[in-house]
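Here is a short briefing on one protein fold. It starts with the core and then turns to the parts around it.

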Amino acid sequence: MYKASDIEELNNLFTEFIQHGKLYISAIGLGDKNLSSEQLTAIKDVRYLATKSIPNVLARMFASDKYVIDGSIGQGRVASTPWIAIRNKEMVDRKDDRIKASIVFFLSSNIDKVYVTIDLSASDFKNTGKKQLASIRKF
(Lines give C-alpha, C1' and ligand atoms only; values in the text may rest on other atoms or scores of the structure.)
Protein backbone atom coordinates (compact mmCIF):
# COMPACT_ATOMS: atom_id res chain seq x y z
CA MET A 1 0.00 0.00 0.00
CA TYR A 2 1.40 3.39 -0.89
CA LYS A 3 0.97 6.74 0.80
CA ALA A 4 0.13 10.18 -0.53
CA SER A 5 3.71 11.20 0.25
CA ASP A 6 4.94 8.52 -2.21
CA ILE A 7 2.76 9.98 -4.97
CA GLU A 8 3.97 13.49 -4.14
CA GLU A 9 7.62 12.36 -4.20
CA LEU A 10 7.09 10.56 -7.50
CA ASN A 11 5.50 13.69 -8.96
CA ASN A 12 8.43 15.81 -7.75
CA LEU A 13 10.96 13.39 -9.25
CA PHE A 14 9.23 13.34 -12.65
CA THR A 15 9.04 17.15 -12.51
CA GLU A 16 12.79 17.28 -11.84
CA PHE A 17 13.31 14.84 -14.73
CA ILE A 18 11.36 17.13 -17.06
CA GLN A 19 13.29 20.22 -15.87
CA HIS A 20 16.48 18.65 -17.23
CA GLY A 21 14.75 18.18 -20.59
CA LYS A 22 16.36 20.84 -22.81
CA LEU A 23 19.93 20.02 -21.81
CA TYR A 24 19.21 16.29 -22.02
CA ILE A 25 17.69 16.63 -25.51
CA SER A 26 20.68 18.65 -26.70
CA ALA A 27 22.93 15.70 -25.75
CA ILE A 28 21.02 13.03 -27.70
CA GLY A 29 23.25 11.33 -30.24
CA LEU A 30 26.46 13.01 -29.09
CA GLY A 31 29.39 11.11 -27.67
CA ASP A 32 30.76 12.08 -24.24
CA LYS A 33 33.68 13.96 -25.82
CA ASN A 34 31.29 16.38 -27.54
CA LEU A 35 29.23 17.29 -24.47
CA SER A 36 29.41 20.44 -22.38
CA SER A 37 29.77 20.17 -18.62
CA GLU A 38 26.11 21.26 -18.27
CA GLN A 39 24.99 18.48 -20.64
CA LEU A 40 27.08 15.92 -18.76
CA THR A 41 25.52 17.04 -15.47
CA ALA A 42 22.01 16.84 -16.94
CA ILE A 43 22.67 13.33 -18.26
CA LYS A 44 24.09 12.24 -14.90
CA ASP A 45 21.06 13.67 -13.07
CA VAL A 46 18.54 12.14 -15.50
CA ARG A 47 20.33 8.76 -15.34
CA TYR A 48 20.16 8.83 -11.53
CA LEU A 49 16.46 9.75 -11.60
CA ALA A 50 15.63 7.02 -14.15
CA THR A 51 17.73 4.23 -12.66
CA LYS A 52 17.69 4.98 -8.92
CA SER A 53 15.39 7.69 -7.51
CA ILE A 54 12.14 6.94 -9.38
CA PRO A 55 12.56 3.12 -9.27
CA ASN A 56 13.23 3.33 -5.50
CA VAL A 57 9.95 5.20 -4.89
CA LEU A 58 8.07 2.77 -7.12
CA ALA A 59 9.68 -0.16 -5.27
CA ARG A 60 8.33 1.25 -1.99
CA MET A 61 4.89 1.62 -3.56
CA PHE A 62 4.94 -1.92 -5.03
CA ALA A 63 6.63 -3.48 -2.01
CA SER A 64 6.70 -7.08 -3.12
CA ASP A 65 9.21 -9.63 -4.30
CA LYS A 66 7.07 -10.29 -7.35
CA TYR A 67 8.07 -7.04 -9.12
CA VAL A 68 11.25 -5.86 -10.81
CA ILE A 69 11.51 -2.09 -11.25
CA ASP A 70 14.20 -0.56 -13.43
CA GLY A 71 14.86 2.27 -15.83
CA SER A 72 17.22 3.37 -18.56
CA ILE A 73 18.28 6.41 -20.55
CA GLY A 74 20.07 4.25 -23.12
CA GLN A 75 23.24 2.23 -23.34
CA GLY A 76 26.23 4.18 -24.56
CA ARG A 77 24.69 7.30 -26.05
CA VAL A 78 21.58 8.74 -24.45
CA ALA A 79 18.21 7.58 -25.78
CA SER A 80 15.56 9.97 -27.05
CA THR A 81 12.91 8.21 -24.93
CA PRO A 82 14.06 7.38 -21.40
CA TRP A 83 11.87 4.87 -19.55
CA ILE A 84 11.11 3.32 -16.16
CA ALA A 85 9.39 -0.10 -16.02
CA ILE A 86 7.45 -2.10 -13.44
CA ARG A 87 7.69 -5.77 -14.35
CA ASN A 88 5.88 -8.70 -12.83
CA LYS A 89 8.42 -11.54 -12.35
CA GLU A 90 5.69 -14.09 -13.13
CA MET A 91 5.61 -12.71 -16.67
CA VAL A 92 9.26 -13.42 -17.49
CA ASP A 93 10.10 -15.96 -20.18
CA ARG A 94 12.58 -18.22 -18.37
CA LYS A 95 14.14 -19.40 -21.66
CA ASP A 96 15.68 -16.01 -22.46
CA ASP A 97 14.75 -13.84 -19.43
CA ARG A 98 12.63 -11.64 -21.68
CA ILE A 99 9.80 -9.77 -20.00
CA LYS A 100 6.53 -10.57 -21.72
CA ALA A 101 4.65 -7.54 -20.35
CA SER A 102 5.29 -4.57 -18.10
CA ILE A 103 3.97 -1.18 -17.12
CA VAL A 104 6.32 1.44 -18.54
CA PHE A 105 6.68 5.17 -17.93
CA PHE A 106 8.03 6.68 -21.16
CA LEU A 107 9.14 10.27 -21.44
CA SER A 108 8.21 12.03 -24.65
CA SER A 109 11.00 12.80 -27.10
CA ASN A 110 10.96 16.46 -26.04
CA ILE A 111 10.96 15.40 -22.36
CA ASP A 112 7.90 17.45 -21.44
CA LYS A 113 5.36 14.64 -20.88
CA VAL A 114 5.28 11.29 -19.13
CA TYR A 115 3.29 8.47 -20.74
CA VAL A 116 2.19 5.37 -18.86
CA THR A 117 1.87 2.33 -21.12
CA ILE A 118 1.57 -1.42 -21.02
CA ASP A 119 4.49 -2.82 -22.98
CA LEU A 120 3.65 -6.22 -24.42
CA SER A 121 5.76 -8.39 -26.66
CA ALA A 122 3.74 -8.74 -29.88
CA SER A 123 5.14 -12.17 -30.77
CA ASP A 124 4.42 -13.50 -27.31
CA PHE A 125 0.92 -12.04 -27.40
CA LYS A 126 0.27 -13.74 -30.73
CA ASN A 127 1.37 -17.09 -29.33
CA THR A 128 -0.11 -16.94 -25.84
CA GLY A 129 -2.41 -13.92 -25.91
CA LYS A 130 -5.31 -15.11 -23.78
CA LYS A 131 -3.06 -16.42 -21.01
CA GLN A 132 -1.02 -13.21 -20.96
CA LEU A 133 -4.10 -11.04 -21.03
CA ALA A 134 -5.38 -12.85 -17.96
CA SER A 135 -2.00 -12.25 -16.26
CA ILE A 136 -2.10 -8.56 -17.16
CA ARG A 137 -5.54 -8.24 -15.60
CA LYS A 138 -4.12 -9.65 -12.34
CA PHE A 139 -1.09 -7.34 -12.60
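The largest nonpolar core in this predicted model has 24 residues. Phe17, Ile54, Leu58 and Ile84 have the most contacts inside this core. A nonpolar core here is a set of buried Ala, Val, Leu, Ile, Met, Phe, Trp, Tyr and Cys residues joined through side-chain atoms within 4.5 Å. Buried means under 20% relative accessible area, exposed over 50%, and partly exposed in between, with a 1.4 Å probe and protein chains only.

**Core**
- At least two core residues come from each of helix H1 (4–19), helix H2 (21–27), helix H3 (37–61), strand S1 (67–72), strand S2 (83–88) and strand S5 (101–107).
- H3 gives the largest share, eight residues.
- Helices (H or I, at least four residues) and strands (E, at least two) are DSSP runs, numbered from the N terminus.
- Ile84 touches Phe14, Phe17, Ala50, Ile54, Pro55, Leu58, Ile69, Asp70, Gly71, Ile103, Val104 and Phe105, leaving aside residues up to four places away in sequence.
- Contact means heavy atoms within 4.5 Å.

**Helix H3**
- H3 has 25 residues and spans 34 Å from first C-alpha to last, close to the expected 36 Å.
- That expected span is 1.5 Å times one less than the number of residues.
- At Leu49, H3 bends by about 45°, taken as the angle between axes fitted to the seven residues ending there and the seven starting there.
- Buried residues of H3 include Ala42, Val46, Leu49, Ile54 and Leu58.
- Their cover includes H1, H2, S1, S2 and S5.

**Strand S2 and its partners**
- Five of the six residues of S2 are buried.
- S1 and S2 run antiparallel, joined by six bridges; Ile69 has Ile86 in S2 as its bridge partner.
- S2 and S5 also run antiparallel, with five bridges; Trp83 has Phe106 in S5 as its bridge partner.
- Strands pair if DSSP finds at least two bridges between them.

**Whole chain**
- The protein chain holds four helices and six strands, in the order α-α-α-β-β-β-β-β-β-α.
- Of its 139 residues, 36% count as buried.
- Among contacts between residues at least 6 apart in sequence, 47% join residues at least 24 apart.

**Basis**
- Residues are numbered from 1 along each chain as its sequence is written, and side-chain values use heavy atoms, without hydrogens and water.
- Local features need pLDDT of at least 70 and side-chain atom pairs count only at pLDDT 80 or more, while totals for chains, interfaces and linings use all residues.
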